[in-house]
Amino acid sequence: MPEISREWWRLRISLKQWAQDALVSFLHENGCNGAEFLDAQPSHLLLAYCRDEPASRSLCQRLWEYSRALGEIHGECPVVGIELERIKDPGWAHAWKAHFRPSRLSRRLAVRPPWSSFDGPEGLRVIQIEPGQAFGTGLHETTRLCMEWLDDLLRDSPIPRTGMDLGTGTGILAMAMALLGVRQVLALDQDPLAVEAALENVRNNNLVETIQVVQGSLDAAGERLFPLVVANLTGTVLMGMARELAKRVCPGGKLLVSGILGEEAKHVAEAFRRAGMRKLGSRRRGEWRAMLLAVRK
């Protein structure tokens, strides 16, 4: 018997082309269940999908707020308009599978979907990912920046005993930390779908004893401090929570942040400077930036 089609809510977002990657990352981090681009001149059209009406209306409001924040930085508002409509199941849920293939992400890390194998050199850690509705296959520049830097950081420095991954999505960065030697990792995400996906991936990679997946933001960590914290979010979100993030890094610890557009980088660095952190370095992939920070002595 065929599956009965269910209703979804779709946001039709008219936007400037320069902002499309930033907006897609923001949507994924804020509960969007899928997105696709259409070429609709003179502005570009981004379609974003939500499971229910309250979530979609809340996402519209947050998207306008994020757009205004980007506009203050770039001098123009990237979102031209947003329309909300109810539709039948768009059928995108499995379409991404055709584009998700095994890939080497760094010297010691690779990723593969469950339906593919990956033959690599000895010592290569291969993460199996079933994304489901969550963000993070390792193929996006922001995630790849984190994977590469974690690989270098945990090879060239003493391996910390604990770590935290804020906005874990599929859990890929938490699993990278665990496979590179971090003994206990806390993976946090506010999206219940992301938590569900991360839990499944942690089980499939036999990392249940190492990684704790929790729904929530920084408050879910209690009073704990960590020698290594990773946050692959967006520049605006990072600026807004810089002080709280800085408080979670123990003396001598490091904070790796990503999801930052090039034009946002100086503003993000300044927000963390005011929060008592110093920038150790930055890396780029395309228009995206990642930063490594430490508590200022």
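**Entry 1: helices on the sheet.** I began with helix H1 (residues 20-29), which lies across E1, E2, E3 and E4 and runs at about 5° to E3. I then turned to H2, which also packs on the sheet, where it touches E1, E3 and E4. The direction of H2 makes about 170° with that of E4. A reminder to myself: this is a predicted model.

**Entry 2: the sheet itself.** In what order do the four strands of the open sheet come? I read E2-E3-E1-E4, with antiparallel pairing. Strand E2 (35-38) and strand E4 (79-88) are the edge strands, since each pairs on one side only.

Entry 3: I picked E1 (residues 7-15) and E3 (residues 44-50) and found antiparallel pairing over seven bridges. Within E3, cysteine 50 stands opposite tryptophan 9.

**Entry 4: a pocket.** Next I checked the second largest pocket, and its volume came out at about 460 Å³. Which residues lie nearest its centre? They are Glu29, Asn30, Gly31, Gln190 and Asp191, out of 21 lining residues. Helix H2 (53-74) and helix H5 (192-204) are the elements that give two or more residues to this lining. By residue type, I noted eight nonpolar, seven polar and six charged residues in the lining of the second largest pocket.

How values were computed. Residues are numbered from 1 along each chain as its sequence is written. This is a predicted model: local features need pLDDT of at least 70, side-chain atom pairs count only at pLDDT 80 or more; totals for chains, interfaces and linings use all residues. Side-chain values use heavy atoms; hydrogens and water are left out. On a 1 Å grid over the protein atoms alone, a cavity is a set of points where a 1.4 Å probe fits but cannot get out, and a pocket is an open set with protein on both sides within 12 Å along at least five of seven lines; lining residues have an atom within 4 Å of a point. Grid points are joined across faces, edges and corners, and a volume is the space filled by probe spheres set on the points. Ala, Val, Leu, Ile, Met, Phe, Trp, Tyr, Cys and Pro count as nonpolar, Asp, Glu, Lys and Arg as charged, and the others, Gly among them, as polar. Two strands pair if DSSP finds at least two bridges between them. Contact means heavy atoms within 4.5 Å. Axes are lines fitted to C-alpha atoms, for helices over the stretch in contact, and angles run from 0 to 180 degrees between N-to-C directions.
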